Every structure is written in structure tokens, then in C-alpha cells.
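Visitor: Could you walk me through this one? I would like to talk about charges first and then move on to other things.

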Amino acid sequence: MLIKDAVVLRLQNICKERNLRYNELATRSGVTPSTVYSLMDETRRDVSIITIKKLCDGLDMTITEFFNDKIFTTLEQEIK
């Protein structure tokens, strides 16, 4: 799994656990809904660490807590 896919999956899991819609996440995080939906789009490969930090703030969690998940332990090599 690549980092972008892992970030998306982690956000999806958190939103599901908290029964949180993407629009709500955007509002809480101070980003536009289109930013969240763009991030979730699997055809887009770039993700901003600043956006991830804002989403973590909206989720009331640290960025360390966000990345402290087993999904990030077996990432594929990004350089091909």
C-alpha cells in the first residue's frame, strides 16, 4: 500500500468509527469539503501534510496519533 492510500484508509476508518461525514470533518477542520473529497479521490496522488494536520486538529487528535496505526507499518516503496 502507498502512503496516499494509507492516509485515505485511515481517515475513512476514523470517520466511520466516529460516525462523521466528510462535510462535518471539513467544517471541524477549517477546510473546504472539496479539499476532503479531493483527498479521498483515489485518482489524485498528492496529499499535503498541512491538510493532514488540519484534519487531525478537526478530529481532536495529534498527527502522531494519526500515524500511529498498523496501516503505516507496511507501506510500499514510493520510488519505482
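Visitor: Which residue does Arg45 form a salt bridge with?

Guide: This is a predicted model, and in it Arg45 forms a salt bridge with Asp5, where the closest N and O atoms are 3.2 Å apart. The pair links distant parts of the chain, since Arg45 sits in the loop between helix H3 (33-40) and helix H4 (49-58), while Asp5 is in helix H1, 40 residues apart.

Visitor: What about Arg21, which side chain does it meet in a salt bridge?

Guide: The side chain of Arg21 meets that of Glu24, at 3.8 Å from N to O. Arg21 is exposed, with a relative accessible area of 60%, while Glu24 counts as partly exposed at 28% relative accessibility.

Visitor: Now Lys4: where is it found, and what is its nearest side chain of opposite charge?

Guide: Lys4 is found in helix H1, and although Lys4 is buried, it has no salt bridge; the nearest side chain of opposite charge belongs to Asp5, 5.6 Å away.

Visitor: What is Lys4 in contact with, then?

Guide: Leaving aside neighbours within four places in sequence, Lys4 is in contact with Leu39, Asp41, Glu42, Arg44, Arg45, Asp46 and Val47. Arg45 in that list is also the salt-bridge partner of Asp5.

Visitor: Changing topic to the helix itself, how many residues does H1 have, and which of them are buried?

Guide: H1 has 15 residues and reaches 21 Å from its first C-alpha to its last, which is close to the 21 Å expected at 1.5 Å a residue. Its buried residues are Lys4, Ala6, Val7, Val8, Arg10, Leu11, Ile14 and Cys15, and these pack against helix H2 (22-29), H3, H4 and H5. H1 is followed by Asn19, whose phi is positive, near 50 degrees.

Visitor: One last topic: which residues form a nonpolar patch on the surface?

Guide: Met1, Ile3 and Leu75 form that patch, with about 200 Å² of accessible area together. Ile3 belongs to helix H1 (residues 3-17) and is partly exposed at 31% relative accessible area, whereas Met1 lies in the segment before H1 and counts as partly exposed at 36%.

Visitor: How far apart are Met1 and Leu75?

Guide: Met1 and Leu75 are 74 residues apart in sequence but 5.1 Å apart in space, taken from C-alpha to C-alpha. Not counting residues up to four places away in sequence, Met1 touches Ala6, Leu9, Ile71, Thr74, Leu75 and Glu76.

Definitions and conventions:
Residues numbered from 1 in each chain as written. Predicted model: local features only at pLDDT ≥ 70, side-chain atom pairs only at ≥ 80, totals over all residues. Heavy atoms only, no water. Patch = residues over 30% accessible without salt bridge, like charges linked within 9 Å, V, L, I, M, F, W, Y side chains within 5 Å. Areas by Shrake-Rupley, 256 points an atom, 1.4 Å probe, with all protein chains shown as cover. Salt bridge = Lys/Arg side-chain N within 4 Å of Asp/Glu carboxyl O. Helix = DSSP H or I, 4+ residues; strand = E, 2+ residues; numbered from the N terminus. Buried < 20%, exposed > 50% of the residue type's maximum accessible area, 1.4 Å probe, protein only. Contact = heavy atoms within 4.5 Å. Lys, Arg positive; Asp, Glu negative; His and termini not counted. Expected span 1.5 Å × (residues − 1).
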